[in-house]
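This report takes up a pocket, a strand pairing and a loop residue in turn. Please keep the sequence and the structure in view while reading.

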Amino acid sequence: SQDVKIIVNIPSKTLTLYQNGEAIKEFPIAVGQPGFKTPVGERSLNQIVWNPWWIPPNSAWAKNDKPTPPGPYNPLGPVKMKLGTGIMMHGTSNENSVGTAASHGCLRMYNKDAAALAWWIQTHFSNEKDPSLKAKYQKNSKTSFYVNLSKPIPVELRYDLFKIVDGKVRVHPDIYWKVGNKAKALSQWLQSQGYDVSNIDEKNLEKTLKASA
């Protein structure tokens, strides 16, 4: 059996698929705008819907919207993967928004990426593995197809501002203004990663942060 998990990092606007602890695919995503933040926490994915309908949520921003059938104008693109209440991973009819904080909380992906992720999960965690299914979904693009997974896939939504890349600290934008004192937060984060921060000078951290802003 394989240990599969998805980790979404909101500030870096990335979704990473892990198999047995190793990152095997990373995708750029759009996350919620500051007025409609993507929530942090543990979720799980139980079902994939190809050619989904878009049903407007019961929210003020969608009060004039009508349900949209599957097709090229559908805001969810070719596939949706629900993560419990209120949010999902999905394709989009507005691919320019990927890589920005643009959604109402959901995780938008490029359509080809959303389809690739959904198909990978489906072929590993359901009986619907036949490659001809892809053509079937495309050919019957006005019909929704529901695929239930054999086990839930854990999806963790994180808000990590910092990352070490090639020995340097990379700082992602604090899109929801969650972190007041960045130098202090960075020092705590480095400590949590096992670095000895006793001789790190906060002034130097401030410099690092200014340089990366």
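## Largest pocket

Sorted by class, the residues lining the largest pocket comprise 16 nonpolar, 10 polar and five charged residues, in what is a predicted model. The lining has 31 residues in total, and those nearest the centre of the pocket are Trp54, Pro57, Trp61, Met88 and Cys106.

The space in this largest pocket amounts to about 670 Å³. Among the elements that contribute to its lining are strand 5 (79–82) and strand 6 (88–90), each of which supplies at least two residues.

## Hairpin of strands 10 and 11

Strand 10 (residues 162–165) and strand 11 (residues 168–171) run antiparallel and are joined by four bridges; within this pairing, lysine 163 has arginine 170 of strand 11 as its bridge partner. The two strands form a hairpin in which two residues lie between them, and aspartate 166, located in the turn, has a positive phi of about 50°.

## Threonine 92

Threonine 92 is found in the loop that lies between strand 6 and strand 7 (101–103). Is this residue buried or exposed? Its relative accessible area is 2%, and threonine 92 is therefore classed as buried, given that the term applies under 20%.

A polar atom of the threonine 92 side chain lies 2.8 Å from the backbone nitrogen of asparagine 94. When neighbours within four places in sequence are left aside, threonine 92 is in contact with Pro75, Leu76 and Gly77, with Ser97 and Val98, and with Arg108, Met109 and Asn111.

Key. Residues numbered from 1 in each chain as written. Predicted model: local features only at pLDDT ≥ 70, side-chain atom pairs only at ≥ 80, totals over all residues. Heavy atoms only, no water. 1 Å grid on protein atoms, 1.4 Å probe; cavity = no way out; pocket = protein on both sides within 12 Å on 5 of 7 lines; lining within 4 Å. Points joined across faces, edges and corners; volume = space filled by probe spheres on them. Nonpolar A, V, L, I, M, F, W, Y, C, P; charged D, E, K, R; others polar. Pairing = 2+ DSSP bridges. Buried < 20%, exposed > 50% of the residue type's maximum accessible area, 1.4 Å probe, protein only. Polar contact = N/O pair within 3.5 Å; in protein donor to acceptor, adjacent residues only side chain to side chain. Contact = heavy atoms within 4.5 Å.
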